Amino acid sequence: MAYNLKEVVANKPSRFSEGHRMCAGCGAPVVARHILRALKEEDHAVIACATGCMEVSTFTYPYTSWTDSFIHTAFECAASTLSGAEAAYKSLKKQGKLPEDEHTKFIAFGGDGGTYDIGLQALSGAMERGHDLTYVCYDNGAYMNTGIQRSSATPKFADTTTSPAGKVIPGKMQSRKDLTQILVEHHIPYAAQSIAFADFRDLYEKAEKAIYTEGPTFLNVFAPCPRGWGYDTPELMNINKLAVQTCYWPLYEVVDGKYKITYKPAKKLPVEEFLKPQKRFRHMFKPGNEWMIEEFQKEVDRRWQELLDLEEMTNK
Amino acid sequence: MSIRERLSGNEASSFAMKQINPDVVAAFPITPSTEIPQYFSTFVANGTVDTEFVAVESEHSAMSACIGAEAAGARAMTATSANGLSYMWEMIYIASSLRLPIVMSLVNRAVSGPLNIHNDHSDAMGVRDAGWIMLFSENNQEAYDNLLMAHRIAEHKDVLLPLMVCQDGFITSHSIENIMLEEDSEVKKFVGKYEPKHYLLNKKEPISVGPLDLQSYLFEHKAGQAEAMKKAKNVILDVAKDFEQWTGRHYGLFEEYRLDDAEIAIVCMNSTAGTTKFVVDKLRSQGIKAGLLKVRVYRPFPAEEIAKALEHVKAVAVLDKSDSLNAVGGALFTDVTSGMYVNNVNVPTINYVYGIGGRDVPTTQIESVYSDLAEIVKTGNIGNPYRYLGLRTKEGK
C-alpha cells in the first residue's frame with residue numbers, strides 16, 4: 001500500500017466538516033475524520049452513531065457535520081440500526097433497485113458507554129450475523145457525555161463521578177473489560193486497536209483495512225477526553241504516546257484470528273508516566289498509595305504478556 | 001379472483017407478508033407471534049420472497065434494524081407480542097418521530113408481570129401514545145386485510161407514520177378459520193412500489209437522520225406527527241374504499257353491528273367482537289335491542305364518529321382487555337367517554353375490564369353485560385362505572 005499520508009490528509013476532501021461542538025482537545029472528532037479519510041472518494045457511506053458526545057455535538061438540528069448519510073436512533077443500538085441499513089442495501093441491490101456502479105460502505109461510531117456497556121448486545125448480534133459493516137468504538141474510558149461516570153472501560157482506580165476517589169474507596173475498584181478480545185472471539189475477519197493521536201498512519205491503515213474487509217469488522221480506538229481525564233490540552237499528544245509506550249493501550253490487529261502487534265516500544269515505559277499527567281489518577285500518587293501504581297503496573301504487564309503470547313501462538 | 005383457504009391468524013399474517021414481499025424483515029421470536037417470522041423464514045429460505053431476513057438478537061434490535069432499513073430506503077416489517085413490544089418501546093417512539101412507515105404485526109398478549117403468555121391488550125395499550133397507527137382485527141381475515149392495506153396508509157405522503165396490525169394472541173393467531181385470500185399479482189398491484197422521497201442509500205442526496213432536537217424545534221416536529229395522525233383518518237378510509245372495490249370486503253374506522261336501532265351497546269376490539277355478535281343475535285331474537293360497536297382504527301382515534309354512532313343508544317358498556325391501573329378505568333373507556341363528552345353526547349357509559357391474561361370470555365359474560373345495561377336503562381342508576389367481568393371474587397363467584 002504505497003501512499004503518502006501527508007498528501008492524503010492535505011488533498012482528500014474531508015467527509016466530516018468543521019463547526020461541530022466537540023470540546024477542544026477531544027480525540028473523538030479526530031478519530032471520526034481520520035477514519036472517514038480511509039473511504040474511497042467515489043464510495044458513498046452510511047454512518048450510524050450511538051447517542052453520546054459525538055452524536056449530540058455533530059448533529060444538532062438543523063446542522064450536521066456529516067457529508068455522507070448519517071443516522072442516529074438511540075444509545076444502545078448503533079450496531080443494530082446499521083444492520084438494518086446494511087440489510088436494506090443488500091436487498092435493494094439484489095433486486096436491482098440501486099445503481100449497480102455505486103458502492104456504499106457502513107460505519108458505526110459509539111463511545112465506550114454505547115459499545116462496551118449498553119450497546120454490547122446489539123454489537124455482538126450484528127457481528128455474529130455477519131453484516132458487512134465496520135464498528136468503531138472511540139474509547140475514552142467513561143460516560144463523558146453525561147458527566148464522567150464510570151464505564152466497564154474505565155481503568156482501575158480512576159476517579160469518576162460514580163466511582164469517586166473517596167476516603168474509604170480509592171476510585172474504581174474493578175479492572176477494565178477487554179472489549180477487543182471479546183470481539184476477536186466473535187471470529188470476525190478483522191479486529192484492531194488503534195489510537196487517536198499517537199500514530200496517524202496506524203489509524204488510517206487500520207481504518208482502510210476494516211472498511212474494505214468484507215464482513216463485520218471492529219476498531220477500538222483510544223480517544224482522550226480533556227474533561228474526563230483532566231489534562232492540559234497541549235498534553236494531548238504526549239498522553240496518547242505514553243498510552244502506547246507504556247503498553248497500557250497496545251496497538252494491534254487480528255486478521256482472521258492471527259494477532260499482529262503493530263507497535264512494540266523499544267523501551268516499555270513505566271505506567272506511572274501515563275497516569276501522572278491525568279487528574280483522574282491523582283490520588284494514586286499520594287504517599288501511602290504506592291500499592292495502587294504497583295498493582296496497576298502488574299495488570300498492564302500481565303495483559304501485555306498475554307498479547308505477546310497470543311501473537312506468538314497464532315503465528316506459529 | 002379471491003381464493004378460499006383455511007388459515008390461522010399467524011399463517012394469514014405471514015401469507016400477507018409474503019405477498020407484500022418487503023425488502024427487509026427483522027424479528028425476534030416471542031409467543032404467540034413467533035410463527036410469523038418462522039413461516040416467513042421459510043419463504044426466505046425457499047426464495048419465494050426478495051426479503052433480507054435479519055434474525056436479530058432481541059426485539060430492541062428488531063425495531064432498530066427496521067428503523068435503519070426503512071431510513072435506508074427499504075420497506076421493513078416485523079412482528080412481536082407483549083414483552084417484545086415492551087423491549088422495543090424506546091425504538092417505537094423513535095420510528096414514529098423519524099416518520100418511517102414501518103409495518104408491524106402485533107399479536108396481542110399480556111405484558112409481564114407476572115409472566116403470562118396469553119391474550120389481553122396490555123401490550124398495545126402501552127404504546128397507544130407512541131405515534132403509531134393502530135388497527136385491530138377481529139379474526140384472521142381482518143388481520144390479513146389490514147396488513148394488505150397497511151403500506152398504502154403508512155407510506156401515504158400525508159401520513160408517513162408506522163403502523164401496527166393487532167390481533168388476539170392464540171384466540172385468532174392460532175385458530176384456523178376460513179379466509180379469502182387475494183392473488184399475488186393483485187396484491188402487488190394494490191400495495192404498490194415504495195418510493196421514499198429521502199433515504200440514506202441515495203448517494204445523490206446524502207441525509208442526516210435522528211438529530212439532537214432541542215427546545216427550538218422538537219415541539220414543531222411533534223406537532224407535525226400529530227397533524228399526520230389526524231390526516232391518517234381520511235387516508236385509512238380512502239384505502240378501505242379502494243380495497244372494497246377490489247375485494248368486496250368493507251372496512252371503516254369501526255364496525256357497527258345492529259347498532260342503528262340499538263338501545264344498549266357494547267364497544268370492544270378484536271376477537272371479543274365475534275363473541276359479542278353471537279350474543280347480539282341471540283338477544284335480538286328475544287326482542288332485546290342490543291348492538292355492538294367494534295373499533296378497528298384505535299389510533300387515530302375516531303372520537304367524533306364514535307360519539308355520533310352511540311348518540312341514540314340508552315346505555316353503553318366499553319370493554320377493556322387491559323386495565324390502566326389508574327383507579328378510573330381502561331384506556332378504551334377513557335377514550336370513548338371523553339370523545340362523547342367533547343361532542344356533547346351524554347349516554348350513561350360503564351367500563352368492564354375483562355379477559356386479563358387470557359381469561360376466557362364466554363357468551364354468558366357478554367350476556368351479563370347487556371343485562372347490566374338493561375338494568376341501567378330501567379333504573380337510570382349507573383352505580384360503579386369501573387367494573388370487572390369474569391374476575392373471581394372471595395365469594396367464589
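Q: What percentage of the contacts in chain B between residues at least 6 apart in sequence join residues at least 24 apart?
A: The model is a predicted one, in which local features need pLDDT of at least 70 and side-chain atom pairs count only at pLDDT 80 or more, while totals for chains, interfaces and linings use all residues. Residues are numbered from 1 along each chain as its sequence is written, and chains are lettered from A and ligands numbered from 1 in the order in which they are written. Two residues are in contact if their C-beta atoms, placed from the backbone, lie within 7 Å. Among such contacts in chain B between residues at least 6 apart, the share joining residues at least 24 apart is 81%.

Q: What is the radius of gyration of chain B?
A: Chain B holds 12 helices and 16 strands (DSSP runs numbered from the N terminus: H or I of at least four residues for helices, E of at least two for strands). The globule rule (2.2 Å times the number of residues to the power 0.38, for a radius taken over C-alpha atoms) gives 21 Å for 397 residues. Chain B is close to that value, so it is as compact as a globular protein of that length, with a radius of gyration of 21 Å.

Q: Which element gives the most to the side of chain B that touches chain A?
A: In this interface, 40 residues of chain B are in contact with 40 residues of chain A. On the chain B side, β2 (24–26), β3 (52–54), α3 (59–72), α4 (82–97) and β9 (208–209) each supply at least two residues. The top contributor, with 10 residues, is α3(B).

Q: Which residue of β9(B) is the bridge partner of Phe70(A)?
A: Strands pair if DSSP finds at least two bridges between them. Strand β2 of chain A (residues 69–72) and β9(B) run parallel and are joined by two bridges. Within β9(B), Phe70(A) has as its partner Ser208(B).

Q: Against which elements do the buried residues of α8(B) pack?
A: A residue is buried if 20 or more other C-beta atoms, placed from the backbone, lie within 10 Å of its own, exposed if 12 or fewer, and partly exposed in between. The buried residues of α8(B) include Ala232(B), Val235(B) and Phe243(B). In chain B, the elements they pack against are β6 (133–136), α6 (140–154) and β13 (297–299).

Q: How many residues of strand β12 of chain B are buried?
A: Ala290(B), Leu292(B) and Lys294(B) point one way from β12(B), Gly291(B), Leu293(B) and Val295(B) the other, and all are buried. Strand β12 (residues 290–295) is largely enclosed by the rest of the structure because its buried residues number six of the six.

Q: Does Arg359(B) count as buried or partly exposed?
A: Arg359(B) lies in the loop between β15 (349–354) and α12 (363–379) of chain B. Because Arg359(B) has 18 C-beta neighbours inside 10 Å, it counts as partly exposed.
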